[in-house]
Each structure stands twice: as structure tokens, then as C-alpha cells.
Amino acid sequence: MTSVRSSAASLAPSIRGAAELVRQEALRRELDGCQLLAGIWCHGFTVAQLRSIRASLPPTARLVVTKNSDMAAAVAGTRWEALRPCARGMNAWLFVRSDEIPPALKPYRDFQKEWKLQLNDFTGAVYEGRLYGPDDFAQLEAMPTRVQSYQYLLGCLQMPAVNVLAVLRARQEALAADADKPPAEGEAAAAAPVAAEEK
């Protein structure tokens, strides 16, 4: 009886192993459609502080606290794998599902200033396959939003058309001004014989 029980136990995964696989699968689902994944060093955060951060995030961002080993296993073999070295210490992970990166990072920066937690900074992030270290976050925070990018693009497309219209309008106004002007004496004398010949 003991041998049957031990062989059955070795075939079934342990409860701890099954829970680990479930957590890793949940993290993989979070990574689907994600544009940015950032680690935040959250040593000493209270539950109330984490709730405050989560409440201030836009709907396209989600803050998850998980074991680093689960995160490292979830990102293995994906475009997020560059973030594995950041999976050390106490981390919370920010999943951003939109290309609106600065609005997703700003609530945490505001939280840092409000609570005076300058040491609890970003540990790293991956955006478009590139790893951004803690010193590189200024680049991510300075990125234009989608609306700003569209405004710039529209301005670039619109400027040549505006310039062409301004040149055409100036030409039309110059022609209209010439037609309204009374002819000069020399022009009037030259125009009179031409008008007489036409009759």
C-alpha cells in the first residue's frame, strides 16, 4: 500500500508547485498586450500605500506584487526577458497596456513626492524590447503622448498645404490689387489706341 501511495504522490504535482504554475500563468496573461513592464522597489510599503498607488493609476495600468522567481519564470523566453536582472529584492510590477507611457508612470512619481520615498524608485523597465535602467526613466517620462504625436504629425502634414495656400492667396490678392488700380498715364495712352483699333 505504501508503494502505491508514494508512486501516486510522485506523479501528481505538489500543491506548492501547482500554485506556482498558476501564479506564473496569471503573470503571462498580464503580459499579453502589455506595452511596458516596469519594476518598482517596494521595500517597506504598507498595504494602504499600495492601494493608494493602484487607485491613482490609469485604467490601462496595473500594479502587481508577486514573487521575483514567478516573474522571472513568466518572462523567460519572451520579449520581456531583459527585465530578469531587475527581479531581485522586494518589487512591485507595473504592467502598462497602452502606449500612453508618461501618464502611467506619473502617478507613481506623484506618490513618491507625496510620501517622500525617493529611495523606492523604479528598478528597471522594458519598453519595445529595450531595457531601461533607473537612470533612463527620464526618457520614458518625457515621451510624447499619442495625442501629442498626432498633433505633431498633423502639423507636419498640414504645413506644406498651408504654405501653398498662402502663396496662392498672395498671388490672387496681388492680381486683384492690380485690377483695381487705375492705369498710369503711360499705360492709358498705350491702351487707348488698342481700344480704338478693336472698334
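This is a predicted model: local features need pLDDT of at least 70, side-chain atom pairs count only at pLDDT 80 or more; totals for chains, interfaces and linings use all residues.
User: What share of the residues is buried?

Analyst: Of the 199 residues in the chain, 30% are buried. The accessible surface of the chain is about 13,200 Å², and carbon and sulfur atoms account for 60% of that surface.

User: And the contacts: what percentage join residues at least 24 apart?

Analyst: The figure is 77%, counted among contacts between residues at least 6 apart in sequence.

User: Let us go inside. Which residues touch the most other members of the largest nonpolar core?

Analyst: That core has 25 residues, and those touching the most other members are Leu36, Phe45, Leu63, Leu94, Leu105, Phe122 and Leu140. Several elements give two or more residues to this core, including strand 1 (36-41), strand 2 (61-65), strand 3 (91-96) and strand 4 (122-127). Helix 3 (47-56), helix 5 (101-115) and helix 6 (137-141) also belong to that group. The largest share, five residues, is from helix 5.

User: What does Phe45 touch, leaving out residues up to four places away in sequence?

Analyst: Phe45 touches Leu50, Ile53, Tyr108, Phe111, Leu117 and Asn120.

User: Now the rings. How many aromatic pairs are there?

Analyst: A search of the whole structure finds five. One of them joins Phe45 and Phe111 edge-to-face, with 5.6 Å centre to centre and 75 degrees between the planes. Phe45 is in the loop between strand 1 and helix 3, whereas Phe111 is in helix 5, so this pair links distant parts of the chain, 66 residues apart.

User: Why do Phe45 and Phe111 count as buried?

Analyst: The cut-off for buried is under 20% relative accessible area. Phe45 counts as buried because its relative accessibility is 14%, and Phe111 counts as buried because its value is 3%.

User: What about Phe122 and Phe137: what kind of pair do they form?

Analyst: Phe122 and Phe137 form a stacked pair, 4.3 Å centre to centre, with 15 degrees between the planes. Phe122 is in strand 4 and Phe137 is in helix 6, 15 residues apart. Phe122 and Phe137 are both buried.

User: Which residues make up the cluster linked by ring pairs?

Analyst: The cluster consists of Phe45, Tyr108, Phe111, Trp115, Phe122 and Phe137. Elsewhere, Arg130 lies over the face of Tyr132, at 4.3 Å from the ring centre.

User: Changing topic: how many disulfides does the structure hold?

Analyst: The structure holds zero disulfides. Cys34 is buried, with a relative accessible area of 0%, and Cys42 is buried too, at 7%.

User: Last one. Where is Met90, and is Met90 buried or partly exposed?

Analyst: Met90 is in the loop between helix 4 (68-75) and strand 3. Met90 counts as partly exposed because its relative accessibility is 44%. Leaving aside neighbours within four places in sequence, Met90 is in contact with Ile40, Trp41, Cys42 and His43. The C-alpha atoms of Met90 and Lys67 are separated by 8.3 Å, although the two residues are 23 residues apart along the chain.

Technical notes
Residues are numbered from 1 along each chain as its sequence is written. Side-chain values use heavy atoms; hydrogens and water are left out. Buried means under 20% relative accessible area, exposed over 50%, partly exposed in between (1.4 Å probe, protein chains only). Contact means heavy atoms within 4.5 Å. Accessible areas come from the Shrake-Rupley method with a 1.4 Å probe; for residues, only the protein chains shown count as cover. A nonpolar core is a set of buried Ala, Val, Leu, Ile, Met, Phe, Trp, Tyr and Cys residues joined through side-chain atoms within 4.5 Å. Helices (H or I, at least four residues) and strands (E, at least two) are DSSP runs, numbered from the N terminus. Rings of Phe, Tyr and Trp (its six-membered ring) pair if their centres lie within 6.5 Å; planes under 30 degrees apart count as stacked, over 60 as edge-to-face and the rest as tilted. A charge sits over a ring if NZ of Lys or CZ of Arg is within 6 Å of the ring centre and within 35 degrees of the ring normal. A disulfide is a pair of cysteine sulfur atoms within 2.5 Å.
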